[in-house]
Each structure stands twice: as structure tokens, then as C-alpha cells.
Amino acid sequence: MIYQTCFRSDESISLMEASIYSESLSGAVSSPAKSGHCPEQLLSEFQIQPGHFSAMQHFWKNPREDHHDWIGFTSTEKQDGSEIGCFVAGEIELLLEKNNVLSGSTFCSNQGVATQTEKDYPGITSLMLSMFADQNDKIPGIYFDLKIGFTTETLLMKKSLFNQFMDWLTPFLHYSSEKLKSHEFLLDHPGKGLEVVFDRLFNIWCLKHHWTIYDLKTNKSYLDGRYEIDAATPHVSLGCVNYKRAADENLLEATRTGRIAGGRFVEELENKFCEKLRVKHAISVCNGTMADAIALSAMAAKTGIKNVITPALTFIAQANAILHAGLTPIFVDVGEDGLLDDISEFAESDDCIVYPVHLMGKVCRSVSQLANRYPVLEDACEALGSQVKGKYAGTMGIAGTFSMYVSHSFTSGEGGMVVTDDDEIAMLCRSIRAHGRLGDKVEERFRFPRMGFNGKMSNLQAAYATAHFDDFEEIINSRKQVVQKLANQLGDDFGVASDGIVAHGFPVLYPDKTSRDRALIMISKQGIECRPLFSCIASEHFNADGDFPKAENISSRYLYVPCHHQLSDREIGLICQAVYDSKNLIVK
């Protein structure tokens, strides 16, 4: 017997027949509060419903009193579980952390689940469409493009989701009761017809809510039934990808109109950045590194300055961008907080561009003071959404740069943005990102008064990003909550759990480089992505003159683990346990 803790084995349930409701069907249950949630009491057709849906109703009305937060059921002929093998409770819990529904029965169709069902049961598609039209709703368009479908013959799912489905199903069927009584499809398929309707409604419900389905037969997961993902293997990634149906619609529009290089979504994303960050100009580019290189080139073109002061502790892309722009890096040691601090002995106001980084999302608080004396370009690639005194990181200097790589707080897969209130800098950035061309007018497009890059953002990147931008605050707030949970258990040595900070990763401090490097391997082996907290690039990669003791100390003793907004409490627990183990701590 599979899933003994969640499947009933007594005879009355194993039969899965509607007769188990004889008391309620006979009218013994007369309470409106009870009958209002029992579809078989609302519609006479449910008296001939197939046994499996009766089982769903039974579990809904008579919840098991056990310690599990998931529920499972199967049809009579598959109740021995032979079709889907055996899983222990721990494996089930792990699968349900990554998936919403575990299904043990699937059928495939190159043409989609609706087409396959229509072939076997002519008329069901029109019935489904008409039922949803009655309520001014629609079947998800993707429903007709599925590469794999699933039935409710064998299911295991979280109780909360199961109850959500059943709470939705009752008024939906009640609203469509007249159609169910008279529709040609049901008249032509007595008994079996209702089972197919229930299965299709369950499919549609999953699609409308973007549930992930794990097929217990093939050990594959499907998002909305078509995107195969590796959800069975325990793996906690540094980044995550959001999914909204609007992204599909945007990408479809971009491809069907042929506007995949440039197009309206690029302009829309730029406008959204301007509005959110309260800046005058936003210039989209293909990635964060290109944002740095283009912004530096524009700063140099405006000021004529070739020297760039930058922190010794940072990601290599920031320093590489200085070289890409044809400029000269001057590395400066960081403060105790890991950020650029006092530079007075290294620069005069007219001979250096100051290029601080908001490392790990932590805002470099000296930017405002520095901006009063020097031309400042902020590298805020890891700090989109971070604020200090009501100002967003990246908006306190002449210009700021952002990355939308998948591990950052907001993503388009790849992608970057330069923001500024300076009209000249904005003009130069737009020119430099397009090979240095003069402008967008037809007579200007092949005139190149300056050096440039091919750094434009594609319309496909922007189409994805714009679909999720309305969720920006929700994403940021969820990420902050995850960071706080990690800080509560691991401490906050680097100070990323402070108000206003949107952390790029969660840094963890070790006594020395040897223990940190050992921890990197140990944590990675437990399926959790982690990285060193960058490096002292001044000495390690550029052989720069000078001493950088603070940068070297921080870079050798820290690593960082995931803190993205989609981490579940279970995954946070796995991260904390892995860190504890790497520090040889005893968890009580």
C-alpha cells in the first residue's frame, strides 16, 4: 500500500463510490452550512459521478487528523500504487517543496491536452469554454499547447492547495449547473463524462495558478505542463526565475511582430525604471558589465578624465569595464564594512572619476559626500532596490549602473541599465551603446563620431522583464524577509539585513581562508550554491601597487549563500544546516 499515512485502506473508501455519501444524498444532512459546500447535494448529476471524484469530495469534507500537510488519493484500480512505485515520507516532502502536485498518471499529446481529450470525448472543449464564458473568465491559452497532460487518477498534493481547488470548484459547478444538466457532451457520455469534466477543471485550475506538476512515472517536473524542470534533485540556486503568464504574452507579441532586437518593451522597461527610481533617464543595455563600460565611457567623454578610482574588493566585471572603456584603474582599499571609504589621498576633484560599488547590495554611504567633490559613477549592479535616506542606490552620483542577471534582485535573464539625471550623459550612453553612432535619425545612423559598443538590450529581454516589473516591490520585500530569516539563524556579520538593503547574497564569515575554502566545498556538496565574497582583485588579478589589507582579509574569510525571494522555509533550513555543518556547530 503506497502512502499509507494519507491513503485510506478501509473498504468503504477503497471502493471510492458515491454511495459513501448515502447519508447526505438521502437528505439526512440538512444544514445549509454543510450542504453549501457539497456539490453532490447541489446537483443531482453528482449521484452518478465516478468513484474517484467522490474520493476527492470525501477527503475534502473529512480531513485526516495526522501530522502531514499533504494529501493523496488514487482510483480503485490503481490503489495498490504499483504504477508509481514507493516513496518514503521524507522523499515526498522534498518533492512537494519543489512541486505543487505529484501525479502518477499521465498521457502525452503533441497537439495538446485539449486536442487529445476532444478526440476521445467530442464536445468537451466547447463545454469548458462555455462554462468559463458564463463567468466572464477564460481558459488559459497555454492549456491548448501542452506537451504533456495529467489526470487525477493518482495525485499527491499539499492540503492547502487541495482545499483551494475544492473551494473554487463548488461555486463554479453550482454556477454552471444548468449547463451541466443539458450539455450534449454529458448526455452523450453518461457517468464517464463528469469524470472527464472534473479532470479538465483540475488541469485548468493548475494552469491558471502556474502549479508545477511532478510526474512520478517519468521523474520529471513540468511548469504549466510544458516546461520540464529539474525539480526532483535537491538544489538550492543562487538565483531564481519568476514566471507570469504576461511574460508568455509579451514574448509571443515580440516574436510574432518580428521585433526581437529592439521594440516597444525596451522603451517600456526604461520608463518603468525612470518612474521607480525617480530619475530622468534610463538607458537599457545587454548586461551589467556593458552598463559599467558604457557609463564609464560617457563619463570620460564628458569630463575628459581618464583615471578611475575603484575599490580593491569587488567583482572582476567592474574593473574589467574600466579597461574596456580605455581608462586607467586606481585601486583603493576598502573600509571595515567592505565598501569604498576615504580617497582624499588618492585623488583631486579634477583628475579622477570615483567609481564605488554597493557590494552585496549594501549601500556605500560615502557616495553622497564623494559626489560633492568628484564625478561619481555608482556600480549598483548588485543593489537594485537598496536605499539610504530615501534615495535609491545608483541615483546619488552623476550616473548609476544596474545588472539584471538571474541571481540579482530583479532579472531579465541578462540585461543592464544606466540611470542618470544628466542629459549629456544620457545622450552619450545612447550613442555609445549603438557603436557610437550620432543618433537615431535616418541620416545619423551611419555616422559615428565616437567609439562605441554593441550593447543594446533585446526586445525579448525587455519583454520578459516588463511582465514582472509590477511585482518589483513584492519581490524586494520577499527577499528582505528571506535575508532576515537567515540573519536570525546565522547572524549578520556583513550587515546585509539592515533596513533599506536588498542583498545580492547572504555573506557568511569564517575564521580564516582555509576554513572558508573548506566550507565552500562542503556546502556545495549538499546541493547549495555558494561563492567566495569576490576577491581582492587589485592584488590577485591586476598586480596593482599598494597594500589592501582590509580587502584581502574580507575576501579570504567570507563566502555567500542564496537569499533570493523564492526560497522556502525548508530551503532556508537546508542552507542554515549546511553552514552550521561547515562550521562544525551543534544544532540543538
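Helix axes are taken here as lines fitted to C-alpha atoms over the stretch in contact, and angles run from 0 to 180 degrees between N-to-C directions. The structure is a predicted model. In it, helix α20 (residues 472-490) packs with helix α24 (residues 569-582) at an angle of about 35 degrees, and the two axes lie 10 Å apart. The crossing of α20 and α24 is right-handed. On the α20 side, the contact is made by Val 482, Lys 485, Leu 486, Gln 489 and Leu 490. These residues meet Asp 569, Ile 572, Ile 575, Cys 576, Val 579 and Tyr 580 in α24. By class, the residues of the contact of α20 with α24 comprise 8 nonpolar, 1 polar and 2 charged.

Glu 571 is also found in helix α24. With a relative accessibility of 10%, Glu 571 counts as buried, because the cut-off for burial is under 20% relative accessible area. Neighbours within four places in sequence aside, Glu 571 is in contact with Lys 98, His 235, Val 236 and Gln 566.

Helix α21 has 13 residues and spans 19 Å from its first C-alpha to its last, close to the 18 Å expected at 1.5 Å a residue. The buried residues of α21 are Ser 515, Arg 516, Ala 519, Leu 520 and Ile 523. Viewed down the helix axis, these buried residues fall within an arc of 150 degrees and therefore line one face of α21. An α-helix has 3.6 residues a turn, so residues three or four places apart point the same way. The face of α21 turned away from the buried side carries Thr 514, Ile 521 and Lys 525, which are exposed.

Ser 539 lies in helix α22 (residues 537-540). At 26% relative accessible area, Ser 539 is partly exposed. The C-alpha atom of Ser 539 is separated by 9.6 Å from that of Ala 551, 12 residues away along the chain.

A further buried position is Val 357, with a relative accessible area of 4%. Val 357 is placed in the loop between β13 (353-354) and α17 (367-371). Apart from neighbours within four places in sequence, the contacts of Val 357 are with Pro 311, Leu 313, Thr 314, Gln 318, Leu 339, Cys 364 and Asp 379. Of these, Gln 318 is 39 residues from Val 357 in sequence, with a C-alpha to C-alpha distance of 8.3 Å.

Notes: Residues are numbered from 1 along each chain as its sequence is written. This is a predicted model: local features need pLDDT of at least 70, side-chain atom pairs count only at pLDDT 80 or more; totals for chains, interfaces and linings use all residues. Side-chain values use heavy atoms; hydrogens and water are left out. Helices (H or I, at least four residues) and strands (E, at least two) are DSSP runs, numbered from the N terminus. A crossing is left-handed if the near helix is turned anticlockwise from the far one by less than a right angle, and right-handed if clockwise. Contact means heavy atoms within 4.5 Å. Ala, Val, Leu, Ile, Met, Phe, Trp, Tyr, Cys and Pro count as nonpolar, Asp, Glu, Lys and Arg as charged, and the others, Gly among them, as polar. The expected span of a helix is 1.5 Å times one less than its number of residues. Buried means under 20% relative accessible area, exposed over 50%, partly exposed in between (1.4 Å probe, protein chains only). The arc is that of the directions from the helix axis to the C-beta atoms.
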